[in-house]
Amino acid sequence: MPPGSTALHHPRGAHCDVLVLGAGLAGLRAAWAAKQHAPHLHVVIATPAAGPSGSSFANKNNALGMQVPSNAQAVAFVEEALSLAAPGLALRPLVEALAEDAEARLADLLDLGLAFRREATGALQRFPGCFSAAPRAVIYTGLAAAHRAFLGQVLGLGVELLPGVEAVGLNVDSGRVCGAQLRDVRGAAVQSLNAGAVIAALGGPAPLFTRRTCGPGGTGLSYGLLAQAGARLVNAPYLQFFWVHPKTLRFTNPAELDWTGAMRDAGPHFTPQLIQARRMHCPTAYGQPDAAIDASLLTQQSPNGICWATGAGGVLLPLVLAAHAGNGGALIDTRGRTTVPGLYACGECASGMHGANRLGGGMVLAALVFGARAGVEAAREALQGHASARAEAHGPCDAARSQASATPQPFLRTLRRNMQRHGLLAGIHGQGAKREAFVSRLRTWADAPSTPQRQRLLSLSALAVLGAARVVTATGGS
Ligand SMILES: Cc1cc2nc3c(=O)[nH]c(=O)nc-3n(C[C@H](O)[C@H](O)[C@H](O)COP(=O)(O)OP(=O)(O)OC[C@H]3O[C@@H](n4cnc5c(N)ncnc54)[C@H](O)[C@@H]3O)c2cc1C
């Protein structure tokens, strides 16, 4: 590619072979795999920010844990992950894929020189992840350095980074995804970039909430984009929430909380075993007996969402629920393919390798495993030429062909406030007439052609998180 030229102003027109949307762990690993598999392909990553973004490279903890079951631990890992899935959907072959590739994906990170926590002997330290007592997870720190290492790897391979744009639509032709509409984040101009295959690595739905712990740079558009393209979404309502401090949003270690404060009106079924189970995981659970503790605590919240619990040393702590990371997304197969031809998904916008609840460290593993698999498969598809030829047939797109205004801030504020009010722990909290009114407004925005495109996508995403039937029906059930 000539210096100064970008995919959008490419001599061949607005076209590339593999288009990756998003530059978190999933997107960078996918681009890496695609380019490594087929070095002569033109692989482009479109992302709002050039620097570290998203939960992968800019989260508040500045550290990430990753499940890495050894061969001997693989069976136990698979059974444990599947046992946590209900009432959501997890498919055994996808969980087995995680176990199969875990060591190889860890080797990638070691080769990149990431800073892992180690024993005095130099061996990697192993930790139990949330919902598990088995010490299988490793932890690395220094996310900005991790970003530099990943970016160096993909740019070194010749992947093109296209920063300053966000996807506001997927191009679909005869039922096949063949590119994306990219909005300049500093303006309203939208250009179309066609591609032989498109990989959605757009992150999760936590940006839809006022209180959130996800890293900056997320748009919250992923479920809307996938649903609008016709991809089947699963597990979308199973968004993880953490109890955090209302001002700092620092998470509270559940092992240090005296959960009996939550049991004011709880009755005799709140046993010490139940409390012990709750201490084993930071995110609120779905369908597990100890979810009753969080639901009970939530009933005690003040109008501004604050609950009180007793922490270490008997100190009373204010707590609020903050959206952390989604367990839902496009249902993929073991090769990272969604239900729509030409469209792949990985990372926090893909699902089926975990259901309603996820082992701590399971998302980093999933982002890397399915990022790599989706990248290889998308490259294969682009190589087949059939898809590339189709994309070329669209020809170069006119510059600034359409406009998609940025979401008006008042709309985003209203959306986030209402999601915070009605979208916590889907099905437990926020039932009632006001929630119904909110859902029906979301439907209006999602359906009305006069609604700006970005606002429509946000509404679709919000409907998916709320488990509102319209998206479920539109995408073939969840
Ligand atoms: C504080 C915190 C701690 C966590 N700790 C762990 C942990 O220890 N272990 C674990 O397994 N998981 C953990 N998670 C979850 C995990 O970090 C994320 O789920 C994972 O990193 C998501 O990776 P991703 O690449 O899918 O998304 P992200 O890292 O969020 O990246 C998404 C990318 O997509 C871009 N994007 C968004 N919208 C658009 C658009 N419309 N067009 C183009 N690009 C777009 C974003 O700018 C970003 O570059 C944690 C999450 C948080 C918030």
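Helices here are DSSP runs of at least four residues, numbered from the N terminus. The model is a predicted one.

Helix α11 covers residues 409-422. It is the top contributor to a patch of positive charge, giving 3 residues. The patch sits on the surface and gathers R413, R417, R421 and K434. K434 belongs to helix α12, which spans residues 433-447. The relative accessible area of K434 is 65%, so this lysine counts as exposed.

Now turn to the aromatic rings. A pair of aromatic rings is described by the distance of the centres and the angle of the planes. The structure holds 7 aromatic pairs. One of them joins F242 and F251. Their ring centres are 5.9 Å apart and their planes stand at 65°, so the pair is edge-to-face. The cut-off behind that label is an angle over 60 degrees. The two residues can also be placed by their cover. F242 has 9% relative accessibility and is therefore buried. F251 has 38% and is therefore partly exposed. The limit for buried is under 20%.

F411 and W445 are edge-to-face, at 5.0 Å centre to centre with 85° between the planes. F411 lies in helix α11 and W445 in helix α12, so the pair links distant parts of the chain, 34 residues apart. Both F411 and W445 are buried. Elsewhere, W32, F57 and F150 make up one aromatic cluster.

Next come the charged pairs. Side chains of opposite charge can pair when their charged atoms come close. The structure has 15 salt bridges. One of them is between E79 and R92, with N to O at 2.8 Å. E79 lies in helix α3 (residues 74-83) and R92 in helix α4 (residues 92-111), so this bridge ties together parts 13 residues apart in sequence. E79 is partly exposed, with a relative accessible area of 39%. R92 is partly exposed too, at 37%.

Helix α3 takes part in another bridge. Here R136 pairs with E80, and the closest N and O atoms are 2.5 Å apart. R136 lies in strand β6 (residues 135-141), while E80 is in helix α3, so the bridge ties together parts that are 56 residues apart in sequence. R136 and E80 are both buried.

R278 lies in helix α7 (residues 272-278) and D294 in helix α8 (residues 291-299), so parts 16 residues apart in sequence are tied together. R278 has a relative accessibility of 0% and is therefore buried. D294 is also buried, with a relative accessible area of 0%. Salt bridges can also share partners. In this way R29, R105 and D108 are joined into one network.

Finally, look at the backbone. Most residues other than glycine have a negative phi, and most peptide bonds are trans. Several places in this model depart from that pattern. A cis peptide bond joins A86 and P87, with omega at about 0°. P87 sits in the loop between α3 and α4. Those two helices are the ones that the E79 and R92 bridge ties together.

Two asparagines have positive phi. For N62 the value is near 55°. N62 is found in the loop between α2 (54-58) and β3 (63-67). It is partly exposed, with a relative accessible area of 39%. For N235 phi is about 60°, again positive in a residue that is not a glycine. N235 lies in the loop between β11 (233-234) and β12 (239-244). The relative accessible area of N235 is 3%, so this asparagine counts as buried.

How values were computed
Residues numbered from 1 in each chain as written. Predicted model: local features only at pLDDT ≥ 70, side-chain atom pairs only at ≥ 80, totals over all residues. Heavy atoms only, no water. Patch = residues over 30% accessible without salt bridge, like charges linked within 9 Å, V, L, I, M, F, W, Y side chains within 5 Å. Areas by Shrake-Rupley, 256 points an atom, 1.4 Å probe, with all protein chains shown as cover. Salt bridge = Lys/Arg side-chain N within 4 Å of Asp/Glu carboxyl O. Lys, Arg positive; Asp, Glu negative; His and termini not counted. Charge placed at Lys NZ, Arg CZ, Asp CG, Glu CD. Buried < 20%, exposed > 50% of the residue type's maximum accessible area, 1.4 Å probe, protein only. Phe/Tyr/Trp six-rings, centres within 6.5 Å; stacked < 30°, edge-to-face > 60°.
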